[in-house]
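Please look over the sequence and the model below. A short report follows the display.

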Amino acid sequence: MTTLLPRAGARPPGRGPRTAARRRERLTALGMVSPAVLLLLVFFVVPVVLAFALAFTSARLISPTPAHFVGLRNFTLLFQDPVFFRSLLNTAVFAAVVVPVQAGLALGLALLVNTKVGGTNFFRTVYFVPVVTSMVVISIVWMFLYQKTGLVNHLIDTLTLGHLHGPDWLNDPSTALPAIIFMSVWQGVGFHMVIWLSGLQTIPADLHEAAAIDGADRWARFRHVTWPGLRATRTFVLITITIDALRLFTQVNVMTQGGPLDSTTTVVYQAVHAGYTQQQTAYASAISLVFFVLVLAVSLIQRFLTREKD
Amino acid sequence: MRSKVKRLAATSVAIVTAATVLAGCSGSSGSGSGADGDTLTLWTHNAGNAAEYKVVQQIVDDFNAGQGKYKVKIQAFPQGSYNDAVVAAASAKKLPCILDADGPNVPNWAWGGYLAPLDMSGSETAVADQLPSTVGTYDDKLYAFGHYDVALTMFARKSVLQAHGIRIPTIDKPWSSDEFTAALAALKASGTFEQPLEMGTGGSGEWWPYAYSPQLQSFGGDLVDRSDYKSAKGVLDGPEAVAWATWFRSLVTNGYMAQKSGTSPNDDFLNGKSAIEWDGSWDAAKNAEKLGDDLAILPPVDFGQGPKIGGASWQWGMSATCGNKAGAQEYLKFSRKNQYFVDFAKATGTIPATAAASAQIPGYQPGGPYEVFTQEARKFAVVRPVTPAYPYISSVFEKTAKDILAGADPKKTLSQAADQIDANLKSNNYYAN
């Protein structure tokens with residue numbers, strides 16, 4: 001937007017055909033962005049501002065009395081709520097594991113399906129199938145797989161010749177979150193594989209050929225040709241996975257409802273639970289507000305770390 | 001030329017968008033909702049429930065045909081999203097005139113100004129003749145009534161109980177806590193059942209307070225102090241409640257019951273995976289069909305304060321914003337014909353709300369195999385706390401009970417739950433009007 005508009009004072013004052021043309025251009029630009037800006041205003045900015053305002057009131061989902069200002073009461077309650085800290089911890093653990101693992105696996109898969117051998121299209125499709133399946137469906141299917149007598153435990157039983165018995169994955173506080181992490185990575189890895197793949201294909205083949213002629217081995221070519229060539233893709237993958245991971249909700253809502261013993265509760269799950277099931281709109285808004293600040297901080301840090309150093 | 005066209009297109013898109021948005025914002029004017037003159041809208045949760053939906057449709061058709069003044073239009077929702085739809089509609093002041101509500105939500109919706117008090121005098125069936133649990137009152141005013149109720153009960157096979165030397169309990173002499181534990185121990189020891197007791201612990205939502213808070217009440221605890229609904233301290237975390245929680249968890253640690261049962265507990269029982277199932281009267285017909293005379297319908301266990309079951313199922317009411325209250329009342333009165341009480345109970349396999357209707361339903365007539373449910377509903381039913389705080393209490397109890405089953409410390413968890421409920425009551429000024 002700012003690059004389109006001429007800077008004030010950059011040109012001498014006066015009304016020439018150039019100015020008229022620029023004004024027309026500016027109007028066109030305004031016309032072009034207005035639908036998007038309007039929709040963003042109505043469906044994003046207004047609700048966000050409302051949520052922020054609600055966090056300081058006594059608003060409830062169902063109430064005969066109008067909401068009134070209560071200052072920081074919701075935040076005081078929130079910072080005394082042990083479940084909130086557990087939610088924060090779980091969300092942080094989920095993101096800390098999922099971001100590197102999913103990004104790394106996706107890159108590995110992308111490198112594999114980017115080779116020039118037959119059947120790569122088949123594997124690209126196979127890896128992508130979970131991505132286009134609804135997360136609710138996947139969660140329900142994996143609930144069956146994770147049962148005490150489910151497929152996963154049968155597999156463990158068979159592979160270890162009966163020496164190892166799997167736990168009741170989703171009902172054991174120590175395995176529930178890892179089980180959800182594993183499933184989420186499996187589901188999301190295909191999407192980021194495709195992103196990496198598109199990045200890989202923007203790297204000109206002659207760079208690889210030149211490196212090969214210079215005697216670079218596979219690792220050296222990856223380290224000095226592929227990796228630098230994926231700079232922009234890397235940033236994109238990092239930020240999208242992080243935001244996705246912090247938003248963890250569907251799997252938890254379908255599979256464990258935050259249990260057992262709060263081992264899988266997350267910030268978004270807690271906000272939805274407080275806001276709808278428990279009808280505490282203001283409290284849920286306070287959770288969302290704190291969450292917004294945290295995500296913003298994480299995004300800013302990531303932007304700073306991945307900024308263009310020129 | 002091309003840029004001109006582009007500009008024109010962009011501007012028109014912008015104008016259209018703005019116009020739509022503005023129209024959307026200013027659309028909700030007017031005083032009432034759910035009625036267009038004498039055409040009234042009716043909402044029901046029965047979209048996925050063909051048998052019950054057919055009865056609703058029958059009543060509406062009869063009503064529309066029987067008089068010329070009012071016309072009722074049905075809109076059905078799937079049960080899973082029904083409450084959300086009502087809450088959303090209420091926030092937008094777009095509630096229908098007539099709607100059904102799950103019994104425990106009635107006080108909350110009445111307090112929140114969703115429902116209007118009803119005057120059902122002069123209808124074919126008197127409200128006083130109904131099972132108390134099928135009448136939704138709040139603040140001594142009638143807000144909703146149901147055509148049926150359901151009863152919690154235990155199912156077992158007579159042959160299995162006899163083979164293990166277990167007495168078959170009756171309404172007048174139900175199992176005591178010790179007898180129940182001994183029965184479970186005997187069944188477990190036989191080795192036939194990995195987990196002899198099935199209590200549907202894989203369920204979620206309202207099932208938890210519905211199914212397990214009566215057991216807490218039988219122990220002597222409760223969800224909240226019902227004398228003034230101002231505190232849960234002492235009842236939800238008193239020694240009786242701790243005894244309940246300890247017993248509840250022991251079912252898992254002793255291997256009597258799964259911490260989280262399968263997705264179809266009733267099938268697991270019918271297939272012989274479990275010996276005793278804690279379930280509702282709605283599965284009785286299916287069980288009887290499969291097991292015939294071998295089916296034993298058992299009353300709930302008496303843990304000290306007598307057997308208890310939850311009361312109240314779906315009930316009908318009128319929205320407070322209804323634009324044509326006379327028409328809505330007219331319809332609701334019409335729906336109180338004895339015939340419809342019979343039809344609902346028949347279609348859904350539930351307990352009819354009146355004795356007159358019971359007499360006409362095979363199985364529920366005096367001496368019939370299902371009469372036990374009517375007796376249970378009459379003798380043991382405890383409605384869930386009649387307070388607008390109920391949805392909050394319900395969600396806290398669900399989480400607490402799940403945590404207890406998963407091994408949380410009973411005393412600490414219950415005391416935390418009571419604190420949370422008290423804090424919620426206090427911060428909402430005890431849900432005063």
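The notes below take up chain A, then parts of chain B, then residues in loops.

## Basis

This is a predicted model: local features need pLDDT of at least 70, side-chain atom pairs count only at pLDDT 80 or more, and totals for chains, interfaces and linings use all residues. Residues are numbered from 1 along each chain as its sequence is written, while chains are lettered from A and ligands numbered from 1 in the order in which they are written.

## Chain A overall

Chain A has 13 helices and 0 strands. Helices here are DSSP runs of H or I with at least four residues, strands are E runs of at least two, and both are numbered from the N terminus. Read along the sequence, the pattern of chain A is α-α-α-α-α-α-α-α-α-α-α-α-α. Its radius of gyration is 25 Å, well over the 19 Å that the globule rule gives for 310 residues, so chain A is more spread out than a compact globule. That radius is taken over C-alpha atoms, and the rule is 2.2 Å times the number of residues to the power 0.38.

The C-alpha trace of chain A spans about 85 × 75 × 30 Å along its principal axes. Of the 310 residues in chain A, 30% are buried. Buried means that 20 or more other C-beta atoms lie within 10 Å of the residue's own; exposed means 12 or fewer, and partly exposed lies in between, with C-beta atoms placed from the backbone. Among contacts in chain A with a separation of 6 or more, 68% link residues 24 or more positions apart. A contact requires C-beta atoms, placed from the backbone, within 7 Å.

## Helix H2 of chain B

Which residues of H2(B) are buried? They are B:Glu52, B:Val55, B:Val56, B:Ile59, B:Val60 and B:Phe63. They cover an arc of only 130° around the axis, which puts them on the same side of H2(B). The arc is that of the directions from the helix axis to the C-beta atoms. On the other side, B:Ala50, B:Asp61 and B:Ala65 are exposed. The cover over the buried residues includes strands E2 (39–44) and E3 (71–76) and helices H11 (325–334) and H12 (338–348) of chain B.

## An open sheet in chain B

Four strands of chain B form an open sheet in the order E10-E11-E9-E12, with mixed pairing. Two strands pair if DSSP finds at least two bridges between them. The edge strands, E10 (197–198) and E12 (295–298), each pair on one side only. Strand E9 (residues 152–157) of chain B runs antiparallel to E12(B), joined by 4 bridges. B:Ala156 has B:Ala296 in E12(B) as its bridge partner.

## Residues in loops

A:Gln279 has a positive phi of about 60° although it is not a glycine. A:Gln279 sits in the loop between helix H12 (267–277) and helix H13 (281–305) of chain A. With 24 C-beta neighbours inside 10 Å, A:Gln279 is buried. B:Tyr229, also not a glycine, has a positive phi near 55°. B:Tyr229 is partly exposed, with 19 other C-beta atoms within 10 Å.

B:Ser33 lies in the loop between helix H1 (2–26) and strand E1 (35–36) of chain B. B:Ser33 is buried, with 21 other C-beta atoms within 10 Å. Beyond its neighbours within four places in sequence, B:Ser33 contacts B:Lys93, B:Lys94, B:Leu95, B:Thr321 and B:Gly323.

Note on methods
Contact = placed C-beta atoms within 7 Å.
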